[in-house]
Amino acid sequence: MKILKYMAAGLLVLGMSACSSDYLEIEDREYLDAEAARNAASHNPDAFLNGMWAHLVDMYSDSHDTFNFMSVLHSTDLMGEDIAYVNGSTWFIYDYQLDDRMNNYRRVYTNWTTFYTAISKANEVIGLYPGLAPEDAQGQALLGQALAYRGMAYDYLIQLFRPYIKADGSIDYEGKGLPLYLTEADGFSADQLAAKKGVNTVKDVLDQAQSDLEKAVALLDVADFERKNKDYIDLNVANGLLARHYLFTQQWEKAARAAHAAREGYKPMDNEALHDGMVSITANPETMWGFIHSTETSTVYASFFSHISNIAPGYAGIGYKTICIDARLYSLIPRDDYRKSLFNGPEGDDKQATASAQFPYANLKFGDDGNWTMDYTYMRAAEMYLIEAEALARLGQNGEAATVLGELMANRQPSWNKNTVSVDDVLLQRRIELWGEGFVFFDLKRNNKGMERTYEGSNHQKTDLTWIDVPAQDVRWTFQIALREIQENALITEADQNP
């Protein structure tokens, strides 16, 4: 199976045109002039938006571990210590070994194209509005969503493909960044747009992401946009993406404000919803953004639930791999915390329906709806409480942080009654609350922390390649730039490559 890592990449992102999904009919816009395209967008924004949402769940080639956004989140989660891949050596095993980062590997190409294709699709919309100033509310809502989408993509790219954190924990703003693909509607000349396809700096990329997200919030606010369902990005979600950006760029006051705005109208789910298997974002009141699957969009074995759920009949459930919580992290969850029952204890549970779900420490958090239409969750309100609490704690407002965190904990561990919390207190709750949802890698990297699997009592695989500890600043925390970009983009050379 190792040869799967070396599959050749097929399309260069530079100059890539957005392609529609096989299963969603997208209006043909090739022959529309700018004015006609704007009118079409105002009358039928879904012709553009469906392509964005479909791309996030599409598959690269026929590989069962490359299903775009959620495969990025799952593969990076496996690079930490919080998930123990305790059985099997199949899909995602190289990610678990932190050995899937070289420029000609399929994982690198998937990560690169997932977000640069997202940018390409966003630019189709952004390019319709010179000066980024739509005249009508429909256009404002459409452009706001496209800008939020692009800003999110640039945030993920810089975290994945550059060592943006210095050894002292500060951001290396002058370090090498990545190509920026923008439009004339952003206010740049053709020459400026061409130059931005080079290296840029970390600051350039972060500034562009922040500008996109802040404009998205402003546009979605003035448009007073009400979405059809949780596939769409509304004002809450845009604020949530902005809160994530402020958090990893260490802008604590702004992070707290944006997270507070993002969670407006949402409350932490109760114990019953906590145990719903995360299969329906419509039914779960805490879910802010995701993708609503149908039988037409389902990718069955090549899907997130196939790989994360020990209960569903996918790769995890049928025993090709077993996904467990790290034993040490499990031990840190108090006995009366509702979330402890989302995992087996050290003795396992032979009453569970599948062999994988019977393992010690097996994860039971992700379930099965019986027809492979489990939805994907991209953002929950709980994350916003945690961002706000962490930002306040970093500002030295530890009592206020405890108050915010207490709102979440009242629905997780009713006996929790702290009057003050530290940053580490909040980070522990992030690990417990967001387990398996795609945050471990990004939290380790932004906090300049490594990972340890070789402690006494560890339940991680004890092979030479998986029984490892990886310190902060190790090159394995940064993916190399995709080989095809180096080969085809004249403004990116081997000298710009990561070690």
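## Helix H6 and its neighbours

Helix H6 (residues 137-161) and helix H8 (residues 202-223) have axes that come within 7 Å and cross at roughly 155°. An angle over 145 degrees counts as roughly antiparallel, so H6 is roughly antiparallel to H8. The crossing of H6 past H8 is left-handed. Sorted by class, the contact between H6 and H8 has 18 nonpolar, 5 polar and 4 charged residues. Keep in mind as you explore that this is a predicted model.

### The chain as a whole

Let's step back for a moment. The chain's secondary structure comes to 18 helices and 6 strands. Its radius of gyration is 22 Å, close to the 23 Å that the globule rule gives for 499 residues, so the chain is as compact as a globular protein of that length. Along the principal axes, the C-alpha trace spans about 65 × 50 × 50 Å.

H8 is one of the helices whose axes have been compared with that of H6. Helix H9 (235-248) and helix H2 (residues 46-57) can be looked at in the same way.

| Helix pair | Axes come within | Crossing angle | Direction | Handedness |
|---|---|---|---|---|
| H6 and H8 | 7 Å | roughly 155° | roughly antiparallel | left-handed |
| H6 and H9 | 10 Å | roughly 30° | roughly parallel | left-handed |
| H2 and H6 | 11 Å | roughly 25° | roughly parallel | left-handed |

### Empty space inside

Rolling a probe the size of a water molecule over the atoms shows where empty space is left. How many cavities of 30 Å³ or more does the structure hold? There are 7 of them, and the largest cavity has about 230 Å³ of space.

H6, H9 and helix H17 (440-446) each supply at least two residues of the lining. By class, the lining of the largest cavity has 7 nonpolar, 3 polar and 6 charged residues.

### Two backbone angles to look up

Most residues other than glycine have a negative phi. Against that background, two residues deserve a look. Asn200 is not a glycine, yet has a positive phi of about 60°. You can find Asn200 in the loop between helix H7 (190-195) and H8. Val300 also has a positive phi, near 50°, in a residue other than glycine. Where is Val300 found? Look in the loop between strand S2 (287-291) and helix H12 (304-308).

How values were computed
Residues are numbered from 1 along each chain as its sequence is written. This is a predicted model: local features need pLDDT of at least 70, side-chain atom pairs count only at pLDDT 80 or more; totals for chains, interfaces and linings use all residues. Side-chain values use heavy atoms; hydrogens and water are left out. Axes are lines fitted to C-alpha atoms, for helices over the stretch in contact, and angles run from 0 to 180 degrees between N-to-C directions. Helices (H or I, at least four residues) and strands (E, at least two) are DSSP runs, numbered from the N terminus. Angles under 35 degrees count as roughly parallel, over 145 as roughly antiparallel, 65 to 115 as roughly perpendicular and the rest as oblique. A crossing is left-handed if the near helix is turned anticlockwise from the far one by less than a right angle, and right-handed if clockwise. Ala, Val, Leu, Ile, Met, Phe, Trp, Tyr, Cys and Pro count as nonpolar, Asp, Glu, Lys and Arg as charged, and the others, Gly among them, as polar. On a 1 Å grid over the protein atoms alone, a cavity is a set of points where a 1.4 Å probe fits but cannot get out, and a pocket is an open set with protein on both sides within 12 Å along at least five of seven lines; lining residues have an atom within 4 Å of a point. Grid points are joined across faces, edges and corners, and a volume is the space filled by probe spheres set on the points. The radius of gyration is taken over C-alpha atoms; the globule rule is 2.2 Å times the number of residues to the power 0.38.
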